[in-house]
Amino acid sequence: MDDKIMLAHGSGGEKYRELVKEIFLPAYSNEFLNPLNDSAILTGGEKIAMTTDSYVVKPLFFPGGDIGSLAVSGTVNDLAVSGAYPKYISVGMILEAGLSMSTLSKIVDSIARTAKEAGVQIVTGDTKVIENRGSSDGIFINTAGIGIFPKGRAVPQQKIEVGDRIIISGYAASHGMAVMAKREDLGFLPPILSDAAPLGDLTAAVLNNKNHIINAMRDPTRGGVAATLCEWVTTDTDIILYDNSVPVRPDVSAACSLLGLDPLFIANEGIILLCVPESCAESVLTSLKSNKHGEYARIIGEVRKGNAAVKAVTEFGSYRRIMMPSGELLPRIC
Amino acid sequence: MKYSIEDLIKQINFLADGAGDIAIMEVCGTHTASIRKFGIMSILPENIKMVSGPGCPVCVTSQEDISAAVAIADREGVIFTCFGDMMRVPCDSTSLYSLFEKGRDVRLVTSPMDAKKIAQENPEKQVVYFGIGFETTAPHTAALVEEADKEKIKNLSVLNSHKTMPSAIKHLLQADSKISALLCPGHVASIIGADAFSFVPDILHLPAAVAGFDAYEILAAILRILDMIHSNKTQCINMYPKAVTKNGNRKALELLYQVMEPDDALWRGLGNIPESGLKFREYYEEFDARYRFEIPKNKASDANGCVCAHILRGKKIPTQCIHFGKDCTPDNPVGPCMVSAEGSCAAYYRYRE
């Protein structure tokens, strides 16, 4: 096996087959993928959920994860918060010539490991190689995912209602700060760990209880908690966030204040936000806490009658408006 | 016994009642951010207004300095380093961020010393650090240059856009102004000392309080200011004694003035303000990026009819400016009040419908 990716690895010829047989198949092996047909023929329920997402993260490896684990958990989580049970994913890769084979292997292993943890099978895939554009560490991944809806499972209508409680399943801002710290070489020690994780089991823990009504459920990735709340709020509601109630790990919080960043706007890859009627908020919390990814779940706000404002209210009664984030997040100087 | 935060709010309301309109200017970017973060405006009585002064170093950096930064960063063989939020400030539809996206080597740093490390690791490249900020960050830049000189690091230079706070405030508020009091910057004061702001009561005849940065500290300073207004006193009171002394940090100041000396400076939208900037002393001239890359300072004011100074003094509103909403927008700001999201012009622009 060559030690670097070459254009020939994407040509569909001998080298391509070698790549598939030696790198991909051993890692991903399952009954749907192994025949290597043009498409995988799957079994599933009556109603299915489908999603796709592309991953271009730099650096490829960061504390707590890598582009491979992210490519699986990101797509799996989009299915999970739709109320579906994640079942199959595809993995399409665009590699830059010059990428080292050991880097590719590490990422492929991570994809396989995360897929196993998430309970999904990798059923189809594709690989293309593009010319070296100078960095030699180029790898871009697209994953599409299919989820099924178990019989009787209620699908979140993704519409909030007055009186609802807003619940967060765990610590905010960890992923965004982990990647920023690594990318900008900020040198925090110990390094900040990303929270990237597949959350199908966490959403199942909530949805499997037939008494739970989930009005909305999202994974607050890019734009953070703030963006999700701004998307949820409707013309006749306000979302009131209890200031300081959003849990942030001490190291993440310190990094945010050092850099002048608001954790509410930082990306997450291992938490979900839920909007549920007050009557089942406590029971939903209990279900979340039964899962290892929901241990630190808590209520962070509520929905009131209003006019499309998201407000963070302090203990002493002042408030600030939370606006939809715009542009790239950059640390402030002062 | 220490007041609770609720007590402070009650007292503020008591003193504000019947006091007429009071405009308190804060001149520190972190104060502006804290006031927003803690929703201070939402609990102040209606007649008490906070006005964001020219205290955000990014917002007041002139077009002239940004175009110099862009010109240097766009050169082959240069690694350009700067603080994060500086990257996005536009200049003639380009910015350091757009150069970065284009593939130029523009790097975000959190300390000037990062630039030194980068210079040592890349001896074949010219590393440039964009020095911005007031007396809080200028001593760090001075330390960088002093070390680079001692260690004979030849591939490092600084685009010096540092400014000093007192002369700018004096210049801005000496003219006819509707500002009633000043919330003095705690970080700057920790370096230059609380006494450096005694010109506010002595020359400008306004009450002032040096304030810390949490909600309690800001409200306590506002209360002291209202108290002074109520009892007709003008003093500068240090409400941040845990970090600020009377005379400041002498060591930092000595180092700063060993390496730099006062100079005129261009402020975005405010024009040229005498003695409000810093330049390298002759001995350190070779570390001046303008000297090294032969980019002369264009001393012409880039204010062009921008009325930010009048807006900051409370004499005009943004819509009275000829640039507002036309060639001055958050994506292409002419004056500092449009760069900062908290600036009056940006707020007017956002809610203009």
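**Close-up views of a predicted two-chain model**

**View 1. Surroundings of B:Val210 in chain B.** The model is a predicted one, in which local features need pLDDT of at least 70 and side-chain atom pairs count only at pLDDT 80 or more, while totals for chains, interfaces and linings use all residues. Residues are numbered from 1 along each chain as its sequence is written, and chains are lettered from A and ligands numbered from 1 in the order in which they are written.

**View 2. The largest nonpolar core.** A nonpolar core is a set of buried Ala, Val, Leu, Ile, Met, Phe, Trp, Tyr and Cys residues joined through C-beta atoms within 7 Å. A residue is buried if 20 or more other C-beta atoms lie within 10 Å of its own, exposed if 12 or fewer, and partly exposed in between, with C-beta atoms placed from the backbone. The largest core has 125 residues, and those touching the most other members are B:Ile12, B:Ile24, B:Leu182, B:Cys184, B:Ala209, B:Val210 and B:Leu219. Helix α12 (residues 215-230) of chain B gives the most to this core, with 11 residues. Helices (H or I, at least four residues) and strands (E, at least two) are DSSP runs, numbered from the N terminus. Another core, of 99 residues, lies apart from it and includes A:Leu95, A:Ile148, A:Val248 and A:Cys256. In soluble globular proteins, nonpolar side chains tend to be buried together.

**View 3. Strand β3 of chain B and its partners.** All 5 of the 5 residues of β3(B) (residues 78-82) are buried. B:Val78, B:Phe80 and B:Cys82 point one way from the strand, and B:Ile79 and B:Thr81 point the other way. In a regular strand the side chains alternate between the two faces of the sheet. Two strands pair if DSSP finds at least two bridges between them. β3(B) runs parallel to β5(B) (residues 126-131), joined by 4 bridges, and B:Thr81 stands opposite B:Tyr129 of β5(B). With β4(B) (residues 106-108), β3(B) pairs in the parallel sense over 3 bridges, and B:Cys82 has B:Leu108 as its bridge partner there. Between β3(B) and β4(B) the chain passes through helix α6 (residues 96-101) of chain B in a right-handed β-α-β crossover (with the strands pointing away from the viewer, the path from the first strand over the helix to the second runs clockwise).

**View 4. The hairpin of β10 and β11 in chain B.** Strands β10(B) (residues 260-267) and β11(B) (residues 271-280) run antiparallel and are joined by 7 bridges. B:Met260 stands opposite B:Phe280 in β11(B). The hairpin has 3 residues between the strands, and B:Gly269 takes a positive phi near 75°.

**View 5. Where chain B touches chain A.** Here 28 residues of chain B are in contact with 16 residues of chain A. On the chain B side, α1 (5-16), α2 (29-37), α3 (40-43) and α4 (57-60) each supply at least two residues. α2(B) gives the most, with 5 residues. By class, this side has 14 nonpolar, 9 polar and 5 charged residues (Ala, Val, Leu, Ile, Met, Phe, Trp, Tyr, Cys and Pro count as nonpolar, Asp, Glu, Lys and Arg as charged, and the others, Gly among them, as polar). Within α2(B), the residues B:Gly29, B:Thr30, B:His31, B:Thr32 and B:Ile35 are buried. Just after this helix, B:Gly39 takes a positive phi of about 60°.

**View 6. The two domains of chain A.** Chain A is divided into domain 1 (7-148) and domain 2 (165-321), with bounds from an automatic or database domain assignment. Their centres, taken over C-alpha atoms, are separated by 28 Å. The contact takes 24 residues from domain 1 and 23 residues from domain 2. On the domain 1 side, α2 (67-81), β4 (85-96) and α3 (101-118) of chain A give two or more residues each, and α2(A) gives the most, with 10 residues.

**View 7. Helix α4 of chain A.** Because 9 of the 10 residues of α4(A) (residues 174-183) are buried, this helix is largely enclosed by the rest of the structure. Its buried residues pack against β2 (61-62), α6 (224-232) and α7 (250-259) of chain A. A:Asp185, which follows α4(A), has a positive phi near 55°.

Definitions and conventions. Two residues are in contact if their C-beta atoms, placed from the backbone, lie within 7 Å. Lists of a residue's contacts leave out its neighbours within four places in sequence.
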